[in-house]
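Trainee: Could we go through a structure together? I have some questions on its packing.
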Amino acid sequence: MESLPGFRDFEPSTCAQRNALFHGWRTVAQRFGFEEFDGPIAEPLELFTQKSGEEIVNQLFAFEDKGGRKMALRPEMTPSLVRIFGKNLATLKKPTKLFNITEQFRYERPQKGRLRSFYQFNADIVGEASLSAEAELIALAAESLRYFGLTEEHFYVRLSDRQLWQLWLKAFGITDEALVGGILSLLDKWERRPKEDIEKDLAKLLPSSVQAKTFFDATEQLRHCKTLEAIKACFSQQATDAELSEALRQRLSEFGKLLHELSALGCEKFVAVDLTIVRGLAYYTGFVFELFETGNQGRALAGGGRYDQLFEKLTRHPMPAVGFAAGDVTLTDLLNKYHLLPEYKRKIDVFCVFEETERDRALRCSQMLRRENFSVLYPFGETKMLSKQLKKAYVEQPRYILIFTQELSSRGKVHVKCLANETTREVGSEEVVEVFRRERD
Ligand code: HAM
């Protein structure tokens, strides 16, 4: 029987590769002082229907339990984080830096870079309003790729700002929250759709005072700005009042400070100003970013941003927060492409072979070695001739073969065969553990 579409089996070699990613993510998160947490794989359905935005809601694995409760497998971790830490906001240390490595489920069409079950490395900072939080998270996201040997030749961070987009819409007189949300969601899919379709949708959404074509052309220009100066120049072509001009000046200054802090963190070569990034999730309120392979092949490696209103929506208590998540599917593809995934090799230190009379002695010795952190195998069932056991032992490629025979035992000895140089030593059976311990040190 096959696995479900978009779900994966992890045999030892792919499981080891997956665990190597987890190890790298965990190591880098701890270097930045993030603390690991976890939550349930299933949550009340409304946690996502209220908080994640339409795109994810359409992709939910949702069902009812036997008690009639509506629930869903988590498609992302952010709403769970808000639910978990929203319980004790008054006493929460600020900032709190959190990470986790968890499986997520989205009913998407399985394709390259997109599955229905995947792992995410989430990192979030709760309780910090300053852009130092964004800077640290972007630096963490970049370091989590550098850890695996990826450099600025392989990936980059596309940094954008939803507040700039809101100011842009304001310049066209668009301030209604639902309308702003609708246009941001259009902007998120802009790249993937024909111009005519976007213009048709714009015509439906925009107030009658704004022509769809005019808005499309001006917006195209803003989308392609690569510097803060270019953004400023683009805004200056619209009729902005003094209040809007001041808001723009302040926001561009914040953007400049963020770029400056990222430079200080050694990230300038990774980061590009790119307003085409808007993010599909509805809860973002400020700077947003996505990490891509250079040349933008494939789906995003990671994405995130500031979501300062999500805690308030869920708990009625305001609390600033920023975060991102990186996925294992696109990262594995990229590492494979550049041969950066560690080669899987099972590591066995010792294989014991023995005459049947020596079974208890061999098992006792195996167990003592295991307690000393050596990996040890021995043949199961009634043992065959030593030569047959040795053949089996070679298949496993251990570093050493330990040989127990009646004759050796009568002299209180065992043989230790080293496979690297094919030499055999005779050592006292009581000293075996000590000999291996010395060898390791
Ligand atoms: P997201 O952009 O939906 O953000 O997902 C983040 C990353 O998860 C993507 O860049 C991608 O690598 C991976 N990913 C998403 N969907 C799939 C899929 N179907 N198959 C394989 N990989 C996938 C979020 O989930 C936000 N909750 C991130 C966040 C954390 N924002 C603030 N804190």
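Trainee: Which strands does helix H15 lie across?
Mentor: Helix H15 (residues 386-395) lies across E12, E14 and E15, and runs at about 170° to E12. Helices (H or I, at least four residues) and strands (E, at least two) are DSSP runs numbered from the N terminus. Angles run from 0 to 180 degrees between N-to-C directions, with axes as lines fitted to C-alpha atoms, for helices over the stretch in contact.
Trainee: Before we continue, what kind of model is this?
Mentor: This is a predicted model, in which local features need pLDDT of at least 70 and side-chain atom pairs count only at pLDDT 80 or more, while totals for chains, interfaces and linings use all residues. Residues are numbered from 1 along each chain as its sequence is written, and side-chain values use heavy atoms, with hydrogens and water left out.
Trainee: Back to the strands: what is the order in the open sheet of five?
Mentor: The order is E13-E12-E14-E15-E16, with mixed pairing; two strands pair if DSSP finds at least two bridges between them. Strand E13 (376-377) and strand E16 (423-428) are the edge strands, each pairing on one side only. Helix H14 (residues 359-371) also packs on this sheet, touching strand E12 (350-354), E13 and strand E14 (400-404), and its direction makes about 170° with that of E12. Contact means heavy atoms within 4.5 Å.
Trainee: And in which sense do E15 and E16 pair?
Mentor: Strand E15 (residues 413-418) pairs with E16 in the antiparallel sense, over six bridges. Val427 in E16 is the bridge partner of Val414.
Trainee: New topic: how many aromatic pairs are there?
Mentor: The structure holds 23. Rings of Phe, Tyr and Trp (its six-membered ring) pair if their centres lie within 6.5 Å; planes under 30 degrees apart count as stacked, over 60 as edge-to-face and the rest as tilted.
Trainee: Why is the pair of Phe61 and Tyr107 edge-to-face?
Mentor: The ring centres of Phe61 and Tyr107 are 5.5 Å apart and the planes are at 70°, so the pair is edge-to-face. The two residues are 46 apart in the chain, with Phe61 in the loop between helix H3 (54-57) and strand E3 (62-64) and Tyr107 in the loop between strand E5 (96-105) and strand E6 (117-126).
Trainee: What sits over the ring of Tyr107?
Mentor: The charged end of Arg116 does, 3.8 Å from the ring centre. The criterion is NZ of Lys or CZ of Arg within 6 Å of the ring centre and within 35 degrees of the ring normal.
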